[in-house]
Amino acid sequence: MKRQVAIVEDEPAIRDNYAAAFTREGYAVRCYANRAEAMQAFSSRLPDLAIIDISLQDEPEGGFELCRQLRARSAELPIIFLTARDSEIDAVSGLRLGADDFLTKDLSLPHLIARVNALFRRLDALRTPAAPADIITRGALTLDSERMSVQWSGQVVLLSLTEFWMVHALARHPGHVRNRQQLMDAANVVLDDNTITSHVKRIRRKFQSVDPKFDAVQTVYGMGYRWVE
Amino acid sequence: MTLRLKLLLLGLATLVLPWAGCRYAREMESALREGEQTSLQSVAQTIAASLQGRTDLLYREAPPAPVAPAQSLTPAAADASQEAPADTDAAAGNGTEAAAAPAAPAADAVPTKSGPYDLEPLVLTSAPPLDGYSEDWPRVPTAWKYFTSGEHRRFGILTGVYERMLFVLLEVHDEHPLFDAPGTNVLDPAIFGDRVWLGFEDPQGVQQQVFLAATGPGSVTARRVEIGEYGQRTAPIEPRIRGAWQTTSQGYRIELRVPLSMLGRGFGVLVDDRDARGALPVSYGSLRSDDLHTLGRLIVAAPELTSYLAQFLQPGLKLSLSAPDGDVLARADALAQAGALRPESPLLARLYRRFVDRPGERQLIESSAPIYDRDHRDVIGTLSVTQSAQRWIHLRDHALTRMLNFALITSLVAVTAMFAFAAWLALRLARLRQASESALTGTDLVTSFPETGAADELGDVARGFATLLSRLNEYTSYLRTLAGKLAHEIRTPLTIVRSSLDNLESEQVSPAAREYVARARQGSERLNAILIAMGAATRVEEAIGSAERVHFDLVPVLASAVAAYGGAFPGRTFRAELADEVVMLDGAPDLIVQMLDKLVDNAVDFTAAGALITVRLRLEALAAVIEVDNPGPPLPPHIEGRLFESLWQSRPDADSRPHFGLGLYIVRLIAKFHGGEASARNLPDGSGVRFLVRLPR
């Protein structure tokens with residue numbers, strides 16, 4: 001059965017382009033232009049994944065509200081924010097509401113599809129036992145690339161998709177400096193320096209909430225970051 | 001000219017007040033003087049009128065009315081004095097040629113014209129002591145009368161009146177002055193030396209004679225010649241006439257005092273000059289030498305005239321009565337008494353007077369009125385009244401001083417108040433100016449403005465400025481967010497383009513069309529790069545907002561960053577000149593690096609390939625200074641201060657990368673976040689430009 005992707009986007013051209021791409025990838029796509037429409041459809045059946053724009057027609061923050069309602073109904077439903085907004089505050093609030101990723105619209109369609117695929121892969125992986133081949137262990141860090149789950153000293157650290165890929169890129173070759181471009185490529189995003197810096201900062205903070213002494217992500221000024229054990 | 005000075009000058013305009021006061025005082029003074037003159041004139045006229053026809057007082061003539069005419073006196077007098085001339089005949093001998101002048105009938109009472117023998121005594125201010133010296137007499141050469149006989153005989157006579165006395169000064173030129181020989185009988189012709197006869201009419205009109213004889217210098221007595229019942233002649237002393245006789249180098253001098261009460265109208269002097277004792281004298285003078293009758297008159301006012309005048313006298317007033325020919329007959333003087341009215345004036349008042357007074361006008365005012373005879377035909381005298389100006393000048397001074405004091409104090413207060421006000425205004429304006437200047441040149445937007453609470457026009461201006469400033473602030477902040485907003489707005493259509501291209505690439509397109517797709521993608525990528533650049537400042541501001549301060553060592557951060565630039569910009573050489581010590585700062589190393597990125601970016605943009613860019617960390621007492629030197633073209637002078645503003649750039653030519661003039665603005669933002677400041681200057685040797693960021697330690 002085809003996986004169902006819901007796209008809630010008020011801009012028809014973008015919506016149709018996304019729908020076309022996902023359809024081509026073999027997904028069943030359902031499109032909604034506003035929150036009311038989407039909620040009405042979701043009340044009968046939840047999609048397998050939701051891509052939500054933050055501002056929906058006359059509701060500037062409609063996407064956040066939609067995300068909250070969806071997350072209330074399902075803890076596991078992958079939710080991706082896709083927005084023209086790129087402010088730090090929006091990203092933080094989106095991720096705090098339980099979104100799995102926060103993406104700006106300058107992301108290319110292949111990148112978006114890669115992410116969606118990854119999220120579905122994670123869903124699948126969660127239902128099957130973990131395969132040891134997919135697990136990287138670096139000191140206290142345990143990284144399951146299939147389930148996209150990260151543990152630090154046995155405790156789960158909840159990372160967004162972008163954050164996970166960045167940690168993954170760093171931790172795979174500890175001690176090697178990954179510059180920003182490499183991190184962006186790994187995360188399938190195009191971001192500016194400050195956004196990468198804030199992503200790294202968020203990653204550190206998430207690890208530190210588990211272990212206040214966490215210091216494995218090191219900044220190499222002028223170059224990038226590296227993982228130290 | 002400053003506002004303060006202008007208002008001060010304006011304040012000085014109030015000095016017109018004392019000036020006008022002075023002018024007014026002068027006007028008042030002239031008016032006062034005129035009034036005083038008029039009243040003085042009327043005083044003079046009143047006194048003159050009261051003296052109309054009073055020749056008795058003026059010239060001691062017989063009172064008017066039905067008195068016997070003077071003519072009738074003459075025979076009587078002649079009879080009465082029949083004897084005396086006869087007595088003197090022996091003494092006078094026939095020296096008649098001395099009295100060669102024709103006898104002037106003194107009968108007619110026209111006192112106004114004096115004949116050659118008439119004597120007009122001076123009005124003396126004090127009684128000269130009877131010592132035979134002339135020093136005590138006023139020096140009035142015109143008042144002297146001279147009589148001569150031959151070439152060598154000459155005497156001068158000066159007369160004067162003081163109170164009720166007639167004073168006579170005789171100056172006789174005599175080559176052989178000769179005293180009487182001492183003897184018992186003054187009537188013995190053998191002892192006769194030089195003798196002087198006084199002849200006069202007594203108040204009854206009878207001719208009287210006395211002679212003066214001296215045996216040596218000193219006081220001299222007058223004697224009259226009397227013929228006794230039996231023809232014996234005696235020469236009793238006339239005690240009322242006193243005098244002194246002194247010899248001089250040219251002859252001798254006689255000073256005499258005769259009570260006016262003895263004297264009538266006529267008066268004369270005859271000198272008997274002898275060259276040897278007992279010789280026949282040469283007689284000359286103003287007496288007839290035969291009968292010794294008077295030839296001339298004594299034109300002198302009655303003693304009562306002075307007391308008559310004195311009754312009109314007041315302090316500060318001087319009355320003076322003169323004959324038509326100008327000789328003073330009588331005067332009463334109380335001018336000096338007015339001085340007592342004026343106390344010593346204070347310094348200030350004297351100072352004021354210097355400004356108000358015109359020189360030479362303040363002393364006296366005079367007025368005169370003619371005195372007519374009974375018939376109002378002829379002028380018999382002139383009364384002049386002199387008043388000292390002291391009294392009313394004192395009054396004026398008093399008023400003037402008070403007025404000028406008042407005006408000056410008013411001026412002073414006004415000037416002071418204006419100056420203070422001007423200073424206050426200038427202060428407020430200076431604050432306003434400073435605020436308005438720093439509002440534009442300062443690094444921060446000014447949100448508060450001074451003086452906006454003031455209720456006056458300056459407050460209006462300040463409020464206007466504040467409004468303008470808030471508009472400017474709105475506009476500037478709008479401009480600052482414009483880039484971000486624009487980026488946001490363009491992102492949606494760009495997403496449409498890019499997602500369409502993505503879809504198109506998945507479709508079957510001809511190789512030729514694929515090329516176009518590739519170009520469209522290039523274009524959209526560039527557009528995306530522009531969007532990212534436009535949003536950079538906003539993101540830096542966000543990053544600053546969420547930045548966490550840590551305590552870090554600046555040196556390794558800079559070292560690692562500079563090391564990385566070599567890779568990032570292969571066309572440039574980088575050199576790091578960093579301190580050897582640990583430089584601890586509180587801040588965000590990420591942002592510091594980002595700031596350095598921007599500075600290096602800027603340096604790279606303005607230099608040619610192969611240029612050496614130096615990053616230096618210099619330590620000051622309180623600050624760490626990061627310097628980035630590049631050998632690029634020097635900064636044009638006008639851009640100083642604007643260099644670090646948002647959305648401002650000065651690039652000589654276009655560049656393939658998008659620039660929005662945000663790089664150095666970001667540098668300033670980050671420097672400010674660290675409490676520091678950014679600046680730029682040309683290198684002293686003109687070899688390039690140095691950008692400095694001063695971070696306090």
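Mentor: Angles between axes under 35 degrees count as roughly parallel, over 145 as roughly antiparallel, 65 to 115 as roughly perpendicular and the rest as oblique. This is a predicted model, in which local features need pLDDT of at least 70, side-chain atom pairs count only at pLDDT 80 or more, and totals for chains, interfaces and linings use all residues. Residues are numbered from 1 along each chain as its sequence is written, and chains are lettered from A and ligands numbered from 1 in the order in which they are written.

Trainee: Why are helix 6 of chain A and helix 8 of chain A called roughly perpendicular?

Mentor: The axes of helix 6 (residues 161-172) and helix 8 (residues 193-210) of chain A come within 10 Å and cross at roughly 85 degrees. Axes are lines fitted to C-alpha atoms, for helices over the stretch in contact, and angles run from 0 to 180 degrees between N-to-C directions. The two helices of chain A are therefore roughly perpendicular to each other. Helices (H or I, at least four residues) and strands (E, at least two) are DSSP runs, numbered from the N terminus.

Trainee: Which residues in helix 6 of chain A meet helix 8 of chain A?

Mentor: Thr162(A), Glu163(A), Met166(A) and Val167(A) meet His199(A), Arg202(A) and Ile203(A) in helix 8 of chain A. Two residues are in contact if their C-beta atoms, placed from the backbone, lie within 7 Å.

Trainee: What makes Gln57(A) partly exposed?

Mentor: A residue is buried if 20 or more other C-beta atoms lie within 10 Å of its own, exposed if 12 or fewer, and partly exposed in between; C-beta atoms are placed from the backbone. Gln57(A) has 14 C-beta neighbours inside 10 Å, so Gln57(A) counts as partly exposed. Gln57(A) lies in the loop between strand 3 (49-52) and helix 3 (62-73) of chain A, and its phi is near 45 degrees, a positive value in a residue other than glycine.

Trainee: Is Glu163(B) buried or exposed?

Mentor: Glu163(B) has 12 other C-beta atoms within 10 Å and is therefore exposed. Glu163(B) lies in the loop between strand 3 (153-162) and strand 4 (165-173) of chain B, with a positive phi of about 50 degrees although it is not a glycine.

Trainee: What is the pLDDT over residues 64-112 of chain B?

Mentor: It stays under 50 there, where pLDDT is the predictor's confidence in each residue, from 0 to 100. Where pLDDT is low, the predicted coordinates should not be read in detail. Chain B averages a pLDDT of 79.
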